[in-house]
Amino acid sequence: MTIRVGIIGTGLIGEDHGRKLVNVINGSTVIAVTDVNRARAEEVATQLDGAAVFDTGLDLINSSQVDAVLVTSIGPTHAEYVLACIAAGKPVMCEKPLAPTVPECEQILAAEVAYGQRLVIVGYMRRYDPGYRQVKATLEAGTIGDALVLHNVHRNATVGEAYTSFMTMTDSMIHEVDTTRWLLGEEITAVQVVPPKRTPLAFPHLQDPQFAIFTTETGILSTVEFFANCQYGYDVRCELVGSLGTSSMVNPSVASTIAAATLSEPVPADWRQRFGAAYTAELQAWITGLQHGECVGPSAWEGYAATKVVEVGVEAVKTGERMVIDYIEKPALYR
Ligand code: NAI
Ligand code: ISE
């Protein structure tokens, strides 16, 4: 059975995921797209086997031609579309964040619990990256003993003027929030943000780099150096320090070069290059799951928990204090 996907939001990642769903993923096609920028939707539709262009996201969700929905519009629009999918009983994959505010995430949890079955997954693609998976497998095999400290590095080459100091948390470090929870299998219970010396190469309104310290339930520290304008490329790494050893994840390199007495390796330009294989694996897992009547991928609970941490994280950016995080009780649907 081919899953007919409708895409809401045909910007950078909507286009990228759309191409994969048409050309790379087994068992899917893109039947419809929509975007508030209609010209953009029409342009992207031509690359996706001439998918139909719908006027609104709600029309697309309620169309009988659409089996499953991919939400790749901007964050503040996510909750409305995800809630409409649940109301229509349609499976939905929503790019991060599930929603930018905790009340919206709680509304989604309540709607899905009332529906009685999981329909929602959130695009935390790093869980599908081979490097992260190897670190998790090493921890679970007991090779490095008990997890004690996780060091994370997350660097973007540059960001635009619209990017703010709070977005270091809500747009970028939200990925480390998810990987910390997933790798360690523990909730994050506190966050502190300590601003380092600023780079002269960022807009003056942006604290860049930013440094966060997350604490988990058993006291493991997860540190994140996030640097939005590192200039040289896209660089994501982590090292998990255990009681018996360490496990490190570095940027994969397809080839290195030795010439003129110099060893060199390419650095990915952006997240599409670095995590291309992870996006493919995440989409394939979702589609294969749907073909078997299952909802495979990070749940709405994972989306809620990440938004909860970054919401408190934004307060931590403002205050510089260590802020404690409380969660609602996890509904049985997600246990
Ligand atoms: P973008 O700005 O390139 O695209 C967003 C699109 O949404 C635009 O075409 C815009 O016209 C459209 N849009 C805005 N309001 C809309 C509405 N009400 N209905 C329908 N369409 C609407 O942004 P980008 O980079 O593609 O990001 C989209 C989402 O994907 C964001 O939530 C972002 O956080 C997430 N993202 C996730 C990444 C990951 O690594 N998992 C990487 C990049 C983005
Ligand atoms: C972007 O929205 C993403 O999700 C990327 O994965 C991340 O590296 C980047 O910092 C965000 O702006």
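Which pocket is the space taken by ligand 1? Ligand 1 takes the space of the largest pocket, and the space taken by ligand 2 is the largest pocket as well. Here a molecule sits in a cavity or pocket if more than half of its atoms lie within 2 Å of its grid points.

This is a predicted model, in which local features need pLDDT of at least 70 and side-chain atom pairs count only at pLDDT 80 or more, while totals for chains, interfaces and linings use all residues. Residues are numbered from 1 along each chain as its sequence is written, chains are lettered from A and ligands numbered from 1 in the order in which they are written, and side-chain values use heavy atoms, with hydrogens and water left out.

## The pockets

The largest pocket has a volume of about 1300 Å³, and 47 residues line it. Ser-73, Ile-74, Gly-75, Lys-96 and Asp-171 are the lining residues that lie nearest its centre. Two or more lining residues come from each of α1 (12-23), α4 (78-88), α7 (167-184), α8 (271-274) and α10 (300-319). Of these, α7 gives the most, with six residues. The lining of the largest pocket divides into 21 nonpolar, 19 polar and seven charged residues.

The second largest pocket holds about 150 Å³ of space. Its lining consists of Pro-252, Ser-253, Val-254, Pro-266, Val-267, Pro-268, Gln-273 and Arg-274. By class, these are five nonpolar, two polar and one charged.

A pocket is found on a 1 Å grid over the protein atoms alone, as an open set of points with protein on both sides within 12 Å along at least five of seven lines; a cavity is a set where a 1.4 Å probe fits but cannot get out, and lining residues have an atom within 4 Å of a point. Grid points are joined across faces, edges and corners, and a volume is the space filled by probe spheres set on the points. Helices (H or I, at least four residues) and strands (E, at least two) are DSSP runs, numbered from the N terminus. Ala, Val, Leu, Ile, Met, Phe, Trp, Tyr, Cys and Pro count as nonpolar, Asp, Glu, Lys and Arg as charged, and the others, Gly among them, as polar.

## The two ligands

A residue is near a ligand if one of its heavy atoms lies within 4 Å of it. Around ligand 1 there are 25 residues, and Ile-13, Asp-35, Tyr-81, Lys-96 and Tyr-279 come nearest. The shell has ten nonpolar, eleven polar and four charged residues, and α1, α4 and α7 each supply at least two of its residues.

Ligand 2 is surrounded by Lys-96, His-154, Asn-156, Asp-171, Ser-172, His-175, Tyr-234 and Trp-271. By class, this shell has two nonpolar, four polar and two charged residues. The element that gives the most to it is α7, with three residues.

| Ligand | Residue | Part of residue | Distance |
|---|---|---|---|
| ligand 1 | Leu-12 | backbone | 3.0 Å |
| ligand 1 | Ile-13 | backbone | 2.9 Å |
| ligand 1 | Tyr-279 | side chain | 2.6 Å |
| ligand 2 | Lys-96 | side chain | 2.9 Å |
| ligand 2 | Asp-171 | side chain | 2.5 Å |
| ligand 2 | Ser-172 | side chain | 2.6 Å |

On its own, ligand 1 has 850 Å² of accessible area, and the protein covers 80% of it. Ligand 2 taken alone exposes 300 Å², of which the protein buries 86%. These areas come from the Shrake-Rupley method with a 1.4 Å probe.

## Backbone features

Most residues other than glycine have a negative phi, and most peptide bonds are trans. Lys-96 is joined to Pro-97 by a cis peptide bond with omega of about -10°. Pro-97 is in the loop between β5 (92-94) and α5 (102-115). Another cis peptide bond joins Asp-208 and Pro-209, with omega of about 0°; Pro-209 is in the loop between β8 (188-193) and β9 (210-216).

Gln-231 is not a glycine, yet has a positive phi of about 80°. Gln-231 is found in the loop between β10 (221-227) and β11 (235-242).

Conventions:
A polar contact is a pair of N or O atoms within 3.5 Å; within protein, one must be able to donate a hydrogen and the other to accept it, and residues adjacent in sequence count only if both atoms are side-chain atoms.
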